[in-house]
Amino acid sequence: MSGQVEITLTVNGETVRRTVEPRLNLVDFVREELGLTGAHAGCEQGACGACSLRVDGKVVRGCLMFAVQVDGADVETIEGLAQSGRADDLIAAFKRHNSLQCGFCTPGMLLTADELLNTVSGSSRAEIRDFISGNYCRCTGYQAIVDAIEDVQAKRGG
Amino acid sequence: MKPSPFEYVKARSMDDVFNTLERHGDGAKILAGGQSLVPAMNLRMALPEVLIDINGLSDLGTIELDGDILRIGALARHAEVGDSALVASHAPLLAEAVPYIAHRGIRNRGTFGGSLATADPASELPACALALAANINLASRQEKRTVAATDFFKDIYETAIMENELLVSVEIPVKREGERFGFLEFMRRRGDYATAGLAAYASFDGDRVESMRLAFFGIGATAVLAPKTAEAFIGRTIDQATIDNAVPKLNDELEILSDVHTSADVKRHLTSVLMTRVLSGMVQI
Amino acid sequence: MRSKMFRQSGVAEGMDGRIDRLEKRPGLIGSDVQRRDVDRLLRGRGSYVDDIKLARMVHVHFLRSPYAHARIVSIQTEEAKKAPGVVRIVTGNELAEVITPWVGVLGHMASMKSAEQSSLAIDKVCWQGEPVAAIVAESRAQAEDAAELIEVDYDPLPVVADKANALDADSPVIHEQLGDNLCYERKENVGDVDKAFQEAHAVVEEVFDIGRHTAVTLEPRSILADFNPGDRKLTVHLSSQVPHMMQYLFAKHLGLPEADVRVRVPDMGGGFGLKIHIYGDEMATAALSMMLERPVKHIADRTESFVSDTHARDHQVRARLAVDADGRFMAWEVDDLCGAGAYSVYPRGSVNESKQVLNLTGGPYATENYRGRARVVFQNKPMLGQYRAVGHPIVCSVTEGMVDRAAHALGLDPADIRRRNFIPEDAYPYKRPAGPVLERLSQHASLEKLLSMMDYPSLRDEQSRLREKNVYRGIGLASYIEMSNPSSATYGVGGAPITSQDGCVVRLNAQGSVTCAVGVTEIGQGARTMIGQIVATVLGVGMEDVTVLLGDTEVTPYGGGNWGSRGAGISGEAAYLAAGSLRENLLSAAGVLLQCDPAKLRLEGKAVVDEDSGEARMTIAELAYTVYFRSDLFPKSFQPELVASRHYAQKALDGVATNGIQGSYLEVDIDTGFVSLLGHWLVHDCGTVINPAIVNEQLRGAVVQGIGGALGEECLYSSEGQLMNGTLAEYLVPMAAEMPDIEIALISTPTETSSLGAKGAAEAGAAGAPAAIMNAINDAIQPLGGRVAAQPFTPERILRALNKIGG
């Protein structure tokens with residue numbers, strides 16, 4: 001295969017070294033190469049947010065980056081976030097408020113909510129809805145998700 | 001869909017960029033934020049042979065004040081522009097417009113230069129560039145040149161960037177005393193492409209308009225100014241009468257195209273609502 | 001008493017203590033038990049079909065027709081076969097040798113006709129997106145590369161792109177052998193409609209349009225077919241709501257013995273009715289696995305989902321309503337034209353929405369004079385299938401739209417005209433003129449509850465105050481009936497292998513835990529938890545003690561899966577009866593060991609308890625241990641049975657009706673036509689509520705889906721049958737920023753058709769939301785002379801209704 005590229009990066013705190021085809025996108029990379037199937041490909045257009053991942057501390061669309069671009073970068077997936085314990089209160093709130101049904105949007109939704117809680121404080125319900133406006137959920141109608149985020153924000157003193 | 005195969009070049013210098021552009025011509029595409037390019041590649045509507053990743057050229061990502069110019073590097077992310085104190089002070093129109101751009105995850109990667117270079121007719125920043133009378137700095141191996149925003153947007157997805165050129169930065173005159181800005185976008189859902197939008201600039205002498213730029217987007221092949229309509233306000237105050245007077249001029253002046261959801265005559269109607277609301281908001285009618 | 005158990009506000013009023021009477025003490029039924037199966041999903045450890053990798057697995061990609069109607073002249077695959085990574089390329093002809101064709105008609109719908117359909121197109125394509133070739137390669141990307149090298153020579157044919165023209169004399173006929181494009185027609189005429197219209201004080205008329213929708217499950221259609229050449233068994237990992245139906249049909253059309261086909265549903269990312277149909281590409285994937293003797297995976301990507309998933313809705317309904325001077329409805333007349341796709345979908349048929357339109361229009365109201373016609377026509381578009389609330393959103397939009405029209409014509413308050421016309425409380429069971437028997441509804445109570453929740457008078461006040469400031473807000477009510485717990489009248493009698501029964505097997509394990517297997521599927525709606533609550537309640541154990549197995553044809557009793565709001569009412573009933581039967585067995589064994597009458601024992605707190613004293617005589621773990629390891633302690637003639645099964649089919653009625661009402665409060669920007677949703681309320685009666693929190697979330701999700709259809713969703717086609725908005729940027733599904741908070745109250749009128757008394761709640765939200773929004777928009781703009789009746793209510797449609805365009 002022409003143009004295979006070697007990349008070295010950290011994923012959920014672990015060093016990963018792989019050789020990849022340039023056109024392999026980041027969400028396919030974490031799913032297929034690393035077996036981290038928490039992130040999902042919902043549209044490959046950047047519209048639905050199911051592929052959301054964290055790259056160098058910022059939430060991105062995993063379908064709109066190529067694996068070759070994260071050479072030297074720090075990537076976090078939902079598996080890493082959950083294992084880190086940093087979002088235990090958020091995960092518990094999602095469970096308590098029934099903020100998921102089929103769970104397919106949930107990893108992307110949690111990463112986005114985590115970024116909200118870490119970057120902004122005192123968001124109103126409307127502002128929370130704005131922040132998650134790029135994460136499609138067909139099951140919940142969003143209200144329970146907003147409830148959970150609002151609950152965690154309050155408890156964290158935001 | 002998966003993209004068709006391509007070669008990947010991680011540019012470590014501007015030379016890398018120019019070498020690759022020259023070698024591959026229009027078979028090479030610049031990968032900056034990728035938030036417009038990669039969706040097209042994922043539909044196999046864009047088929048680059050080579051992607052030149054310029055994200056490592058960190059010099060291109062700065063936002064700096066240079067005298068009375070605010071210079072925004074091509075690689076400045078939308079999120080950075082939106083959060084920048086310099087932008088908030090010196091180009092508040094941008095601070096107002098950035099939250100309308102797509103969604104959080106996209107703003108974390110998408111770039112200022114990339115948005116202008118893509119020139120999607122329903123996107124926010126080309127209209128802001130027109131309203132701000134921005135100057136766009138392009139570089140090739142041979143020369144650097146500057147193109148005024150009014151000369152930059154040629155047609156749908158088509159700009160003045162030549163085959164061997166890279167957009168490197170955008171320069172915006174800083175906000176001065178007596179200048180006001182307004183921004184309004186009508187969209188079906190938060191972050192959607194605009195059904196119709198307006199980025200507006202006016203400078204005042206007292207309550208009389210000295211100059212005005214009305215940049216509409218989401219209504220035609222490119223973001224467009226409505227200079228004849230704007231001219232109707234020169235020397236006058238902004239009030240219900242001058243706005244009402246300007247509406248027929250606007251209807252005459254703008255060429256409007258339908259899109260899949262909204263027909264041209266409805267968009268035309270919306271442009272006068274935009275003008276009314278934005279200008280009224282500027283002077284708190 | 002019961003209120004102690006609830007942690008949220010979803011308490012159902014009027015829970016008549018049915019479960020208390022049956023169970024003699026409160027259990028988990030009726031409480032907001034948290035779902036335990038979500039921990040994996042929250043941590044990214046779910047296992048959806050695409051997460052599964054098997055040895056030697058390959059991927060299939062389908063080349064799809066770019067034309068809506070064309071003859072296939074030739075397909076050249078030689079170049080493509082040489083592309084890197086390609087394993088096999090097949091066309092429709094080759095697959096026809098291993099897959100038998102099908103026709104999506106139901107025998108009990110007399111005039112229904114459709115053409116024979118094969119998995120991939122042969123000879124001609126009938127919709128943009130119909131698959132014409134299958135490319136199997138080591139990766140999806142390689143298969144797509146190879147697809148570009150396939151040359152298909154098409155000879156385009158004239159297109160039927162609009163249902164309005166499909167029956168014109170000069171319209172192209174899609175399937176010549178059928179003679180015309182009519183799939184189905186049905187007429188009803190009850191009472192004396194003409195007399196009623198002649199004598200009416202007022203007659204209101206309207207033409208309602210409902211756009212074509214698509215489900216947009218976030219997880220697209222996904223299949224991993226694994227044919228093992230060693231034992232010649234086919235295992236299909238499938239994102240499906242109906243594994244048993246799929247097992248039956250894979251076996252039938254692939255020529256495999258039923259015993260050699262297993263369908264397994266892992267975690268599933270949304271169904272909504274999309275995943276209950278036969279798709280040619282999925283059947284082809286299974287066949288390819290057999291042909292290649294290795295696992296073959298197909299994950300529909302978003303682009304192809306838009307042109308290959310079943311669609312829904314696509315109706316135009318002309319309606320008339322005759323009203324007397326007191327605002328009483330005298331007669332209803334409806335004429336429904338539904339635009340199906342190129343074939344009637346198999347095996348459920350594409351006519352169920354129209355069936356519901358005729359069955360239920362005018363539903364909540366007592367009227368004896370009714371005339372209706374429904375026609376379903378073929379178009380060169382993707383097939384029309386079942387999608388959440390099947391037909392009920394059309395019924396409700398038409399009915400409730402006409403009711404508001406009548407209210408306006410007579411100067412009556414919309415709540416008041418409904419009160420006057422609801423089926424009287426003492427008239428149940430009530431036979432609809434052309435539809436089902438309605439068992440017992442709580443329409444009056446629901447209306448009053450809704451008005452109180454909304455604070456209706458103060459919303460009206462606010463509305464009139466703001467109107468004086470040129471701010472136009474509207475209040476819209478929508479009362480609905482939603483059928484649930486379907487009997488075999490829907491499909492079985494028509495010859496479709498779709499079961500309306502369900503079974504449950506329950507087993508006590510050696511340490512006192514319980515395993516049950518049941519025919520419902522978990523599609524994210526909380527089925528596992530709901531079944532667990534029922535079984536735990538009956539056996540007196542905790543949720544943590546109960547394992548619920550579902551979604552695997554090798555493991556569960558033959559079941560109907562998920563559709564038609566049947567989970568609690570039918571699967572739940574089977575679980576309730578099975579657990580009850582196991583309880584009898586346990587108490588019988590305990591009675592022998594304890595030498596007492598089993599009637600004096602009950603199961604509670606993981607123990608066998610004396611009914612009179614409340615004393616725990618032995619733990620359930622001790623009972624299990626004794627049964628399994630100490631058979632010597634039982635008399636020779638006594639064989640304890642620690643497994644029990646029961647099946648249940650609802651046979652009393654064609655379906656069990658539920659009712660509810662929704663209210664919408666919104667603001668219309670009359671200069672832009674944009675609508676802001678300020679509030680939404682819903683009251684629903686689903687009888688016995690197993691888990692109020694789960695029910696509330698089902699209702700909310702469904703309301704938002706309904707809002708999608710009301711304000712944004714519509715598949716837009718060119719005159720050549722090309723889909724023009726097939727991306728998530730342009731097909732406007734609801735996102736978080738525009739949605740309101742939705743306040744819900746539950747009322748409980750248990751059904752008498754079952755022991756549990758549970759009725760459905762999964763779809764009702766989608767039934768009433770579009771009507772509530774339409775009525776609210778019209779309420780807002782009618783002072784300006786505006787009116788809308790075509791969904792979605794886009795800014796353009798609202799501006800045109802307000803005469804703001806083309807001055």
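**Interfaces of chains A, B and C**

C:Asp741 and A:Arg129 join their side chains in a salt bridge, with N and O 2.8 Å apart. The model is predicted. This salt bridge belongs to the interface of chain C and chain A, where the count is 8 salt bridges. Polar contacts link 25 residue pairs between chain C and chain A, both residues of each pair being at pLDDT 80 or more.

Three elements of chain C give two or more residues each to the side that touches chain A. They are helix 2 (39–42), helix 5 (140–147) and helix 18 (692–711). Helix 18 of chain C provides the largest share, 7 residues. By class, the side of chain C that touches chain A holds 24 nonpolar, 12 polar and 15 charged residues.

The extent of this interface was computed in two ways. In terms of contacts, 51 residues of chain C meet 47 residues of chain A. In terms of area, chain C and chain A bury about 4,200 Å² between them. Carbon and sulfur atoms account for 52% of that area.

Chain C also touches chain B. Here the contact involves 32 residues of chain C and 23 residues of chain B. About 2,300 Å² is buried between chain C and chain B, and 58% of this area lies on carbon and sulfur atoms. Three residues stand out on the chain C side: C:Phe674, C:Leu732 and C:Glu796. Together they supply 22% of the area that chain C buries against chain B, more than any other three residues.

In one of the salt bridges, C:Asp145 pairs with B:Arg44, and the closest N and O atoms are 2.8 Å apart. Polar contacts between chain C and chain B number 14 residue pairs, with both residues at pLDDT 80 or more. Helix 5 and helix 20 (795–801) of chain C each give at least two residues to the side that touches chain B. That side of chain C consists of 15 nonpolar, 5 polar and 12 charged residues.

Chain B itself contains 12 helices and 14 strands. Its radius of gyration is 19 Å, close to the 19 Å that the globule rule gives for 285 residues, so chain B is as compact as a globular protein of that length. Along the principal axes, the C-alpha atoms of chain B fill a box of roughly 60 × 45 × 30 Å.

Chain A is assigned two domains, domain 1 (5–81) and domain 2 (86–155). Their centres, taken over C-alpha atoms, lie 22 Å apart. The domains touch: 17 residues of domain 1 are in contact with 15 residues of domain 2. The area buried between them is about 1,300 Å², with 58% from carbon and sulfur atoms. A:His40, A:Ile78 and A:Leu81 supply 39% of the area that domain 1 buries against domain 2, more than any other three residues.

Between the two domains of chain A there are 2 salt bridges. The side chains of A:Asp114 and A:Arg54 meet in a salt bridge, at 2.6 Å from N to O. Polar contacts join 7 residue pairs across domain 1 and domain 2 of chain A, both residues at pLDDT 80 or more. On the domain 1 side, strand 3 (52–55), strand 4 (58–61) and helix 2 (78–84) of chain A each supply at least two residues. This side of domain 1 has 8 nonpolar, 5 polar and 4 charged residues.

Conventions
Residues numbered from 1 in each chain as written. Chains lettered and ligands numbered in written order. Predicted model: local features only at pLDDT ≥ 70, side-chain atom pairs only at ≥ 80, totals over all residues. Heavy atoms only, no water. Contact = heavy atoms within 4.5 Å. Buried area = accessible area lost by both parts, 1.4 Å probe. Salt bridge = Lys/Arg side-chain N within 4 Å of Asp/Glu carboxyl O. Polar contact = N/O pair within 3.5 Å; in protein donor to acceptor, adjacent residues only side chain to side chain. Helix = DSSP H or I, 4+ residues; strand = E, 2+ residues; numbered from the N terminus. Nonpolar A, V, L, I, M, F, W, Y, C, P; charged D, E, K, R; others polar. Domains from an automatic or database assignment. Rg over C-alpha atoms; globule rule 2.2 N^0.38 Å.
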